[in-house]
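Work through the exercises below with the sequence and the coordinates at hand. Each task is followed by a solution in steps.

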Amino acid sequence: MRAACRLSPSRRLRAPLPALAVLGVLALLLGGCGDGDREPTVTIAAASSLRHVLPDIVAGFERAYPGVEVELRFAGSQVLASQIAEGADDDLFISANPLQAARLLDAGLAARPTVVTANVLVVAVPEAAPRRSLRDLALADVRIAVGAPSVPVGLLSRIALAWVEQQQPETAEALRDKIATEDPSVRIVLSRLELGEADAAFVYASDVAVSDGLRAILLPPQTPPNEYVAVLIEGAEPAAGELLAWLLSPNAQAIFGLYGFLPSVAGVQAR
């Protein structure tokens with residue numbers, strides 16, 4: 001990400017010069033190798049559930065800021081936070097797990113925490129499946145995939161089932177009994193359904209929005225959304241601040257909505 005500066009052969013010194021003159025010439029030559037002579041590159045480390053939506057948002061940013069190039073890399077939020085803590089050369093971190101963003105903030109490695117979007121948990125089922133409600137799932141012979149308790153999608157799944165239990169205790173108990181897998185990321189949970197290893201999966205609305213042949217069964221509205229927190233990494237390119245602001249722009253927020261995400265409160269207030 002950080003550009004190296006090299007002298008071209010045509011600019012090499014051709015004859016011995018006094019020491020002070022050499023230093024002066026080198027200063028002139030190296031003066032053209034500063035940050036102002038290269039296009040800045042901003043690297044975003046983002047939660048894997050953003051892998052579909054961020055490229056479209058970044059394309060709009062690069063059109064608005066033609067002198068800035070953006071690179072994207074995706075992984076689980078915990079993995080990315082660990083890599084950044086170990087020195088990964090990122091400028092902006094967008095975490096699906098607010099605790100991982102807080103981890104970097106507490107360590108003094110990041111700043112400006114901003115909620116840029118949110119996601120709603122749903123139960124995904126094949127479009128052709130006859131099951132239309134949680135009660136239908138509870139009465140059917142199905143296998144359900146959920147996230148592990150240590151990841152946001154798994155924690156939200158358990159919160160949702162607790163709300164179901166308050167209204168339909170038998171339904172909640174039957175759904176828990178049908179849980180077949182507990183996986184470390186929402187991507188793996190979704191793949192269980194796509195590969196036929198499960199008949200239903202607790203995933204995000206955005207996952208259903210970009211998947212062919214799936215539809216969503218809604219969960220109790222009391223289930224909280226999952227917020228995505230962006231932070232600037234210490235020593236980030238100045239353009240990363242512009243990109244963070246762009247994520248809250250009407251343009252970016254509209255794209256989030258097209259992919260099934262919720263608008264950021266900060267983005268709505270900024271309009």
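**Exercise 1. The whole chain**

Task: State how many helices and strands the protein has, and what share of its residues is buried.

Solution. Keep in mind that this is a predicted model. Step one is the count of elements: the protein contains twelve helices and eleven strands. Step two is burial: of the 271 residues, 45% are buried. Step three concerns contacts with a separation of 6 or more, of which 75% are between residues 24 or more positions apart.

**Exercise 2. Helices H3 and H4**

Task: Determine how H3 and H4 are oriented to each other, and list the residues that make their contact.

Solution. Start with the geometry. Helix H3 spans residues 77-85 and helix H4 residues 98-106; they pack at an angle of about 10 degrees, and their axes are 9 Å apart. Angles under 35 degrees count as roughly parallel, and H3 and H4 are therefore roughly parallel to each other. Their crossing is right-handed.

Next, take the contact itself. H3 contributes Ser-77, Gln-78, Ala-81, Ser-82, Ile-84 and Ala-85, while H4 contributes Gln-100, Arg-103 and Leu-104. By type, the residues of this contact are four nonpolar, four polar and one charged.

**Exercise 3. The buried sides of H3 and H4**

Task: For each of the two helices, find which residues are buried and what covers them.

Solution. Begin with H3, where Ser-77, Leu-80, Ala-81 and Ile-84 are buried. These residues lie on the same side of H3, because they cover an arc of only 100 degrees around the axis. The background is the helical repeat: an α-helix has 3.6 residues a turn, so residues three or four places apart point the same way. The cover over the buried residues of H3 includes strand S1 (41-47), strand S2 (69-75), strand S3 (92-95), H4 and strand S10 (226-233). Just after H3 comes Gly-87, with a positive phi of about 110 degrees.

Then turn to H4. Its buried residues are Gln-100, Ala-101 and Leu-104. Their arc around the axis is only 100 degrees, so they sit on the same side of H4. Leu-99 and Asp-106 are exposed and belong to the face of H4 turned away from its buried side. Among the elements that cover the buried residues of H4 are H3, S3, strand S4 (110-119) and S10.

**Exercise 4. Helices H2 and H10**

Task: Classify the packing of H2 and H10 by angle, and describe the make-up of their contact.

Solution. First, the angle between helix H2 (residues 54-64) and helix H10 (residues 239-247) is about 120 degrees, with the axes 11 Å apart. The range for roughly perpendicular is 65 to 115 degrees, and roughly antiparallel begins over 145. H2 and H10 are therefore oblique to each other. The crossing of H2 and H10 is right-handed.

Second, the contact. On H2 the residues are Leu-54, Ile-57, Gly-60, Phe-61 and Ala-64; on H10 they are Ala-239, Glu-242, Leu-243, Trp-246 and Leu-247. This set divides into eight nonpolar, one polar and one charged.

Note on methods:
Residues are numbered from 1 along each chain as its sequence is written. This is a predicted model: local features need pLDDT of at least 70, side-chain atom pairs count only at pLDDT 80 or more; totals for chains, interfaces and linings use all residues. Side-chain values use heavy atoms; hydrogens and water are left out. Axes are lines fitted to C-alpha atoms, for helices over the stretch in contact, and angles run from 0 to 180 degrees between N-to-C directions. Helices (H or I, at least four residues) and strands (E, at least two) are DSSP runs, numbered from the N terminus. A crossing is left-handed if the near helix is turned anticlockwise from the far one by less than a right angle, and right-handed if clockwise. Contact means heavy atoms within 4.5 Å. Ala, Val, Leu, Ile, Met, Phe, Trp, Tyr, Cys and Pro count as nonpolar, Asp, Glu, Lys and Arg as charged, and the others, Gly among them, as polar. Buried means under 20% relative accessible area, exposed over 50%, partly exposed in between (1.4 Å probe, protein chains only). The arc is that of the directions from the helix axis to the C-beta atoms.
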